[in-house]
Every structure is written in structure tokens, then in C-alpha cells.
Amino acid sequence: MVLCALANTFQHCKKKATTLGELNKSYIEICRSTQVPAVGMLEFSNMCMVLSDQGFMKLGQSKEDKLRRVTLQIDSSDITFAFKGNRFFQKCLEQPRC
């Protein structure tokens, strides 16, 4: 779900960077549209740190978590390709959330 939010933000919205707070809003919208309960901000932040450690994205430094800068480290089309054939995740990627 976080990867879908990343792909939507960087592919459909043509952004180069965003904040963790904005990414969280996109994630929450995806969760609502798919009727999946969203995690809280602390757990979301931890999931993003894991994705950062794995090289999917880069997290900047900030005193406040929501203001941390997020940049994508891979091409967003790679995320779309990875979910090809999975109807649930394809549906999450279909609706741009800018």
C-alpha cells in the first residue's frame, strides 16, 4: 500500500519529492478506497524507514516526522510493473491522488 502511494505520488502527480505527511495522506486515501484499515503515523513512518533501507526511497532529516522529505530512488514504473497481474494493487494504482 505504501508502494502504491509512492507510485501515485511520483508517477501520476509528476513530483520529484514530497513529505512523509503528504505521502501518508495518499496512503490513507488508498486504504479508504480499498476498505483496508490504515496504520498510524508512527507505524507508517517505520514502514517507510524499511523501504528506505531497502533502497526504494530516500528519507530526509527533520525534527518532525511529517516534514521529512521523501524522494523515490527507483523508477515509479518499476512499482507499477511489479504489481502487474495483481488486481488489488492495480486498482490501488489506477486512481491518481495528487
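A residue is called buried when its relative accessible area is under 20%, exposed when over 50%, and partly exposed in between (1.4 Å probe, protein chains only). Keep that in mind as you click along.

This is a predicted model, in which local features need pLDDT of at least 70 and side-chain atom pairs count only at pLDDT 80 or more, while totals for chains, interfaces and linings use all residues. Residues are numbered from 1 along each chain as its sequence is written, and side-chain values use heavy atoms, leaving out hydrogens and water.

**Stop 1: helix 1.** Select residues 2–12. Helices (H or I, at least four residues) and strands (E, at least two) are DSSP runs, numbered from the N terminus. Nine of the 11 residues in helix 1 are buried, among them Leu6 and Phe10.

**Stop 2: the core.** A nonpolar core is a set of buried Ala, Val, Leu, Ile, Met, Phe, Trp, Tyr and Cys residues joined through side-chain atoms within 4.5 Å. The largest one here has 23 residues, and Leu6, Leu23, Phe44, Cys48, Met57, Val70 and Ile79 touch the most other members. Which helix gives the most to this core? Helix 1 does, with seven residues.

**Stop 3: methionine 57.** Contact means heavy atoms within 4.5 Å. Beyond its neighbours within four places in sequence, methionine 57 has contacts including Leu6, Leu23, Cys48 and Val70.

**Stop 4: the strands.** Two strands pair if DSSP finds at least two bridges between them. Show threonine 19 with its bridge partner arginine 69, then lysine 58 opposite threonine 71.
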